[in-house]
Amino acid sequence: MARFVLAVDQGTTSTRCMIFDHSGAVTALAQREHQQIYPRAGWVEHDPTEIWIRTQEVISSALSQGRIDVNDLAAIGITNQRETTVLWERATGRPVHNAIVWQDTRTDQLCQTLAAEGGQDRFRERVGLPLATYFSGPKIRWLLDNVEGLRTKAEKGEVLFGTIDTWLIWNLTGGASGGVHVTDVTNASRTMLMNLHTLDWDEDMLAAMGIPRAMLPIIHPSSQVYGMAQGALGGIPVAGDLGDQQAALFGQTCYDVGEAKNTYGTGCFMLLNTGTQAVQSQNGLLTTLGYQIGGQPAIYALEGSIAIAGALVQWLRDNLGLIEKSADVETLAAQANDNGGIYFVPAFSGLYAPYWRSDARGAIVGMTRYVNRAHIARAALEATAYQTREVLEAMNKDSGVALTALKVDGGMVFNEILMQFQADILGVPVVRPTISETTSLGAAYAAGLAVGFWSELGELRAKWGIDRAWQPAMSADQREALYAQWKKAVTRTFDWA
């Protein structure tokens, strides 16, 4: 009898494989980074072939580390960086261009052109999203317009599109030799091409974006057997597929309306379960799919997306050389009692929720001779907490329900300074679960449910437990004074590009 579920979490900076047992405990973990490619300012690319190689490496390494036989696996779940766009040849499996990453801003002019008639929200009721460089549809259009001969091939179905989940599932299930070309509702909801209500590609959106339907994958639920793996994992069902933030929502067991989580990764993403209702935001949030289990009704979510969170720490490490490794930021920040009066607004890719300002660029404001390296490190951490408060306020307004606690996950939740400041600036407790890698866990849960490894959502909810909680310790007056200065700092980044 199969004893484990394998999850691949293909993220913005690395790929990891985690293997879970029936209790939800991690049995094995392997992780490898991949190259970040910056052809010019504002452009961000990945090599899809490298990502597929890294995926195979971490799968092999995790199985070896855990001494797990392939036949002990019940299913495979996939979770992925969303919106990142890959186009490849159906016959050969060869990418026609580097993947264009979700952070990339090269489609800014295209989005402005599309917004000239009807404004930035002209498609929001249909797809739940504003016109922004973030999403996959404009990235596909850019590739079709800029790679010679590509449009003709795409119209014939000779070139396939996928977000990273689609690329990995296609390769896992045979690639050019019969790989299945699928995605799930959560990833499809990030393309600007899927109708929120029909859960299918929208013909009017395809026409507006100039994208042939022949190149698009089939949209499926998040928990369903899509096909059988070939090669090293031969015969194991690939049965779970969720975008990384929705996978974290699912892994955090936010299955009831009004439950929310915040993931602190490369970016920062807060999702609120709105049930079977697609709630249209009036405050700069995204209406997106939360998950869909088999033939059950789809569950929707409101999302606040922050482009730069952990990526700011990496920038301090890689671009400034301020720290040697990402974990050192806490040690450096601890050398200062406060931010020294500075605010760091990391609008490197413009500002996402709740502003959606592609013209914004990063700024450090309030600089004096007093400010030192420790203040910069602290201000970098505080930036994530301030941005999270902006999103939480928007979520409270849209939902009409004030959150009483925030469930958190992701790599930054082990930073004590950040988590305490997050609780302080929100004024509500911040709660970290026993298993903090909830993105991989959510993908595993979806795959396990599809094959009967786990029976139903109640069984998964029973596995969730609290590892640590931070209580707010800041006075209301101080909290509001700091936040007012942050809001002032944000305005200084507008109208730059």
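Student: In which loop does L199 lie, and is L199 buried or exposed?
Tutor: In this predicted model, the place of L199 is in the loop between α7 (185–188) and α8 (203–209). A residue counts as buried under 20% relative accessible area. L199 has 19%, so L199 is buried.

Student: What is the phi of L199?
Tutor: Most residues other than glycine have a negative phi. L199 is not a glycine, yet its phi is positive, at about 60°.

Student: Which loop holds W356, and what relative accessible area does W356 have?
Tutor: W356 also has a positive phi, near 55°, without being a glycine. W356 is found in the loop between β17 and β18. W356 is buried, with a relative accessible area of 7%.

Student: Which residue does a cis peptide bond join to P354?
Tutor: P354 belongs to the loop between β17 (343–345) and β18 (363–365). Most peptide bonds are trans. Here omega is about -5°, and the cis bond joins P354 to A353.

Student: Turning to the pockets, how much space lies in the largest pocket, and which residues are the closest to its centre?
Tutor: The largest pocket holds about 980 Å³ of space. Its lining comprises 41 residues, and those closest to the centre are R16, Y264, G265, T266 and G411.

Student: Which element gives the most to the lining of the largest pocket?
Tutor: Several elements each supply at least two residues of this lining, among them the strands β2 (14–21), β3 (26–33) and β13 (260–264). The helices α9 (244–251), α10 (310–318), α11 (328–333) and α14 (438–450) likewise each supply at least two. With four residues, the element that gives the most is α10.

Student: How many residues of the lining of the largest pocket are polar?
Tutor: The lining includes ten nonpolar and ten charged residues. Its polar residues number 21.

Student: Which residues are the closest to the centre of the second largest pocket?
Tutor: About 610 Å³ of space lies in the second largest pocket. Of the 24 residues in its lining, the closest to the centre are Y38, V44, W315, N319 and F348.

Student: How is the lining of the second largest pocket divided by class, and which element gives the most to it?
Tutor: Eight of the lining residues are nonpolar, eleven are polar and five are charged. The element that gives the most to this lining, with five residues, is α10.

Methods. Residues are numbered from 1 along each chain as its sequence is written. This is a predicted model: local features need pLDDT of at least 70, side-chain atom pairs count only at pLDDT 80 or more; totals for chains, interfaces and linings use all residues. Side-chain values use heavy atoms; hydrogens and water are left out. On a 1 Å grid over the protein atoms alone, a cavity is a set of points where a 1.4 Å probe fits but cannot get out, and a pocket is an open set with protein on both sides within 12 Å along at least five of seven lines; lining residues have an atom within 4 Å of a point. Grid points are joined across faces, edges and corners, and a volume is the space filled by probe spheres set on the points. Ala, Val, Leu, Ile, Met, Phe, Trp, Tyr, Cys and Pro count as nonpolar, Asp, Glu, Lys and Arg as charged, and the others, Gly among them, as polar. Buried means under 20% relative accessible area, exposed over 50%, partly exposed in between (1.4 Å probe, protein chains only).
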